[in-house]
Amino acid sequence: MKGEPSRGARDGSAEAAVGQEQQLSEAFVTLADSLVADYDVADLLHRLAHHCVNLLDVAAAGLLLADSRGTLRVVATSSETSRLLELFQLQHDQGPCLDCFHSGTAIIVPDIALVADRWPIFAVGTQAAGYRSVHALPMRLRDEVIGTLNLFGTRPGPLTDADTRIGQALADVATIAILQERAIRHHEILAEQLQHALTSRIVIEQAKGVLAERGGLDMDQAFNRLRRYARNTNTRLTDLARGIVEGTVDSTVVLATRPRREPPDHLPEVL
C-alpha cells in the first residue's frame, strides 16, 4: 500500500523503541540505586544530565539549583559548552531557564531565533554555541520549585510529548533526591543539636552540684551564681560549667558572685 512503511522500517522502529525503553529502565534503576545513605548528590545530577542526552532528542542538558537565597546556580551539565551557556544566561539574567524557575512551569522554545526579542542576549549566545532549541523543565514538588532541568537541541523543533514526559520524570527524580538529601542533613543537624543540648545540660547539672556542695547552696542558688558569673564575664554557660567540673575555673570566684535578687544563703533565725 502506498505510503505504508516497509517491514524492515517497522522492525527497525520497533527495535529502536525497545532499545529506548530499556535505556530508560536502566536510567531509573541507576538513579534509584543511587538514593542510598551517603550518596553523592552532585554525581547523581551529573548522571541525570547524561541520561537526558542519551534518552531524549537533545544534544546537551544542564541542571540549575537555587541556593539558600533563591539564586540559581549551575550544579551539573552534560558538556562544557552547555555549562558555559548556563553561566551565560545567569550572568545576563535572561533565558527560558530563569523564566521556568520563577513561573514553575515548563518553557518550550522550538526555535530560539524566533524569540530573540524576548531574550536578545541569550538568543545570540545560544546560537553562537551551536544550539537552536531550548527547553526548560521545572524541578518542583508541589509548590516548591528548587531548580530547572534544561535541554538544548542543535536543530529547531519542539520536544515530543514522550520526551517531555520522560524529561519531567527525570527532573522529578532529581527533585526527590535533593529534597531527601536536605531532609537527611536537616535531621542530622537537629540530632546533633539535640545531643549537644543534652550534653550541655549534663555538664551544667554537674557544675551546679559542685557549687552547691562547696558553697553550701541549694541547686537553684548554685545555678543563679553560675548564670550570673557567665553573664558578667561574657562566657558561654556550657563552657563555664565545663571549666568548673574540670577544675580549670576557680569555683570560689564563681561563688563570690551573688545575683542581685538572690535571697541570702542563710536566713537569720527568728526569735
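This is a short tour of a predicted model, stop by stop, for you to follow in your viewer.

Residues are numbered from 1 along each chain as its sequence is written. Because the model is predicted, local features need pLDDT of at least 70 and side-chain atom pairs count only at pLDDT 80 or more, while totals for chains, interfaces and linings use all residues; side-chain values use heavy atoms, with hydrogens and water left out.

**The whole chain**

Start with the protein chain in cartoon view: it has nine helices and five strands. Here helices (H or I, at least four residues) and strands (E, at least two) are DSSP runs, numbered from the N terminus. Along the sequence the pattern reads α-α-β-β-α-α-β-α-β-β-α-α-α-α. Of the 271 residues, 37% are buried, where buried means under 20% relative accessible area, exposed over 50% and partly exposed in between, with a 1.4 Å probe and protein chains only.

**The sheet**

Next, select the five strands. They form an open sheet in the order β2-β1-β5-β4-β3, with antiparallel pairing; two strands pair if DSSP finds at least two bridges between them. At the edges you will find β2 (72-77) and β3 (107-109), each pairing on one side only. From one strand to the next, the twist averages 20 degrees.

Now pick β1 (residues 60-66) and β5 (residues 144-153), which run antiparallel and are joined by six bridges. Show A61, which stands opposite L151 in β5, and then A60, which stands opposite F152 in β5. Strand β5 is mostly covered, with eight of its 10 residues buried.

On to β4 and β5, which pair in the antiparallel sense over nine bridges. These two strands form a hairpin with two residues between them, and R142 in the turn has a positive phi of about 60 degrees.

**Helices α3 and α4**

Axes are lines fitted to C-alpha atoms, for helices over the stretch in contact, and angles run from 0 to 180 degrees between N-to-C directions. Show side chains here: E86, Q89 and L90 in α3 meet P96, C97 and L98 in α4, a contact meaning heavy atoms within 4.5 Å.

**An aromatic pair**

How many aromatic pairs does a search of the whole structure find? It finds one; rings of Phe, Tyr and Trp (its six-membered ring) pair if their centres lie within 6.5 Å, with planes under 30 degrees apart counted as stacked, over 60 as edge-to-face and the rest as tilted. Select Y131 and F152: their ring centres are 5.3 Å apart and the planes are at 35 degrees, so the pair is tilted. Y131 lies in the loop between α5 (120-128) and β4 and F152 in strand β5, so the pair ties together parts that are 21 residues apart in sequence. Both Y131 and F152 are buried.

**Last stop: T126**

Finally, select T126 in helix α5. Is T126 buried or exposed? T126 is buried, with a relative accessible area of 0%. Not counting residues up to four places away in sequence, T126 touches L85, I112, Y131 and V134.
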